[in-house]
Amino acid sequence: MERTEKIAEAWAWARRARLEISRKQREELASPGSPFKARPGQEETLEEADDALFALSFILEELEEAYAREREAERAEVTFRAMDMALVFGLALLATLGVAAACILASVPDPVVRASAVIGTAVSLGWAVKTV
């Protein structure tokens with residue numbers, strides 16, 4: 001999560017820098033009638049601003065891709081944890097049902113079957129919560 005936050009901060013910085021260079025290029029370097037032509041004497045500075053804008057656009061694309069990969073990895077981790085929890089819960093239920101079924105097959109009185117099912121479920125869920 002910390003890495004994702006750092007990527008988001010870097011993206012915000014690059015975006016602000018790109019907007020600032022773009023504003024400077026539009027207001028200070030470009031001619032008022034044509035934004036793609038430089039004012040007299042500002043040709044080299046306008047070219048440098050164009051190069052900086054291109055570089056920052058590339059950096060922003062890379063940061064967006066890295067951010068998307070990090071978010072996907074976080075989503076995958078949450079999904080795997082949910083699947084593990086469901087598997088543990090299912091196995092715990094099967095184990096307690098097995099105890100209850102064994103008690104029924106052995107013709108154990110009804111209160112014992114209920115107690116074993118309740119105790120088994122409680123213990124299984126306790127272990128399932130502990131492992132997650």
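The model is predicted: local features need pLDDT of at least 70, side-chain atom pairs count only at pLDDT 80 or more, and totals for chains, interfaces and linings use all residues. Residues are numbered from 1 along each chain as its sequence is written, and side-chain values use heavy atoms, with hydrogens and water left out.

Start with the helices. Helix H1 spans residues 2-29. Helix H2 covers residues 43-105. Helices here are DSSP runs (H or I, at least four residues), numbered from the N terminus.

Next comes the core. The largest nonpolar core has seven residues: Ile7, Ala14, Ala17, Leu56, Leu60, Leu63 and Ala66. H1 and H2 each supply at least two residues of this core. H2 gives the largest share, four residues. Such a core is a set of buried Ala, Val, Leu, Ile, Met, Phe, Trp, Tyr and Cys residues joined through side-chain atoms within 4.5 Å. Buried means under 20% relative accessible area, exposed over 50%, and partly exposed in between (1.4 Å probe, protein chains only).

Look at Leu63 in particular. Leaving aside neighbours within four places in sequence, Leu63 is in contact with Ile7, Ala10, Trp11 and Ala14. Contact means heavy atoms within 4.5 Å.

Between H1 and H2 runs a loop, and Ala30 is placed in it. Ala30 is buried, at 1% relative accessible area. Glu47 lies 17 residues from Ala30 along the chain, and their C-alpha atoms are separated by 11 Å.

Now the charged pairs. Side chains of opposite charge can pair when their charged atoms come close. A search of the whole structure finds three salt bridges. The term means a side-chain nitrogen of Lys or Arg within 4 Å of a carboxyl oxygen of Asp or Glu.

One of them joins Glu20 and Arg23, at 2.4 Å from N to O. Both residues lie in H1, three residues apart, about one turn of the helix. How accessible are these partners? Glu20 is partly exposed, with a relative accessible area of 42%. Arg23 is also partly exposed, at 26%.

Another salt bridge pairs Glu74 with Arg71, at 3.1 Å from N to O. These two sit in H2, three residues apart, so about one helical turn separates them. Is Glu74 buried or exposed? Glu74 counts as buried, at 18% relative accessibility. Arg71, at 31%, counts as partly exposed. The side chains of Glu74 and Arg71 are also joined by a polar contact of 3.1 Å. A polar contact is a pair of N or O atoms within 3.5 Å; within protein, one must be able to donate a hydrogen and the other to accept it, and residues adjacent in sequence count only if both atoms are side-chain atoms.

Arg75 and Glu72 form a salt bridge too, their closest N and O atoms being 2.7 Å apart. They are three residues apart in H2, so the separation is about one helical turn. Arg75 is partly exposed at 48% relative accessible area, and Glu72 is partly exposed at 45%.

Finish on the surface. Leu87, Leu91, Leu94 and Leu97 form a nonpolar patch there, with about 430 Å² of accessible area together. Leu91 is found in H2. Patches are made of residues with over 30% relative accessible area and no salt bridge: like charges are joined within 9 Å, nonpolar side chains (Val, Leu, Ile, Met, Phe, Trp, Tyr) within 5 Å. Accessible areas come from the Shrake-Rupley method with a 1.4 Å probe; for residues, only the protein chains shown count as cover.
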